[in-house]
Amino acid sequence: MLEVGWDEEEDAVSFTIEAVLEADVDPAAVFALYADPATWSSWGHNATWAEADGPLVEGGVVRVRAGYGTVYRCRIRRFEPDRALELVVKPAGLTIVNVYEVEPRPSGGSRVRHAFEVSGPIAGIARIALARNYQRQLVEEVTAVIRIAGDPAAAPADRTPDAVTPPERAWHRLGRVMRGGREDQR
């Protein structure tokens, strides 16, 4: 699902892409994947590794290496044990909030939601260039979390992130130029 809005204070487009699936998996098993950055490369759509600067707490930082080489410092905006994790990352011209939520279903199992909340000066361009691809990636990501939570042995040892699309490659090349050639975002 894609929702588009306008942030009058920032004078910028904002949009949210989300994927929501329900499955017969233990919510605690799903949240365990969110709470352990070492697992993110097995289900995250574009993570080759992730490491936290300490325990996952609001205000903490997790460094995540994307499939195209850039290392992003993701600030933890929300951490609700057994329920939700939100990470804020600021690539070139954007602010992206990655939302990971799990809730128990009354009939058993879990409702799993992943979302990108995107805003910033180039969000309108990003929506046009990236939204369809990211929607597909979020569905695949939620599906992977559910599969791994249901059967931890199902996690691939080395998951290869999806191929980087030409618009993503151009966007990240711009980010590298804005960072003075550095691969890491500070």
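The legends below describe close-up views of a predicted model.

**View 1. Confidence along the chain.** The chain has a mean pLDDT of 85, and 76% of its residues reach 70 or more. Helix H1, residues 27–34, has the highest confidence, with a mean of 98. Strand E1, residues 2–7, has the lowest, with a mean of 44. The pLDDT stays below 50 over residues 2–11, although this stretch has 22 contacts in the model beyond near neighbours in sequence. Where pLDDT is low, predicted coordinates should not be read in detail.

**View 2. The largest nonpolar core.** This core contains 45 residues. Val-30, Tyr-34, Trp-40, Trp-43 and Leu-85 have the most contacts inside it. Helix H3, residues 123–150, gives the most to the core, contributing twelve residues.

**View 3. Surroundings of Val-30.** Neighbours within four places in sequence are left aside in this view. Val-30 is then in contact with Val-25, Val-102, Ser-110, Val-112, Val-145 and Ala-149. Val-30 is also one of the residues with the most contacts inside the largest nonpolar core.

**View 4. Packing of helices H1 and H3.** Two packed helices are described by the distance between their axes and the angle between them. The axes of H1 and H3 come within 9 Å and cross at roughly 115°. The crossing of these two helices is right-handed. On the H1 side, the contact is made by Ala-29, Val-30, Leu-33 and Tyr-34. H3 supplies Val-145, Ile-148 and Ala-149. By class, the contact of H1 with H3 has seven nonpolar residues, no polar residues and no charged residues.

**View 5. The loop holding Asp-82.** Asp-82 lies between strand E5 (71–80) and strand E6 (84–89). Most residues other than glycine have a negative phi. Asp-82 is not a glycine, yet its phi is positive, at about 70°. Asp-82 counts as exposed because its relative accessibility is 52%, and the cut-off for exposed is over 50%.

**View 6. The loop holding Asp-53.** Asp-53 is placed in the loop between strand E3 (47–52) and strand E4 (61–66). With a relative accessibility of 57%, Asp-53 counts as exposed. Apart from neighbours within four places in sequence, Asp-53 is in contact with Gly-60 and Val-61. Arg-73 is 20 residues from Asp-53 along the chain, and the C-alpha atoms of the two are separated by 9.9 Å.

How values were computed
Residues numbered from 1 in each chain as written. Predicted model: local features only at pLDDT ≥ 70, side-chain atom pairs only at ≥ 80, totals over all residues. Heavy atoms only, no water. pLDDT = per-residue confidence, 0-100. Helix = DSSP H or I, 4+ residues; strand = E, 2+ residues; numbered from the N terminus. Contact = heavy atoms within 4.5 Å. Core = buried A, V, L, I, M, F, W, Y, C linked by side-chain atoms within 4.5 Å. Buried < 20%, exposed > 50% of the residue type's maximum accessible area, 1.4 Å probe, protein only. Axes fitted to C-alpha atoms, helices over the stretch in contact; angles between N-to-C directions. Left-handed = near helix turned anticlockwise from the far one by under 90°. Nonpolar A, V, L, I, M, F, W, Y, C, P; charged D, E, K, R; others polar.
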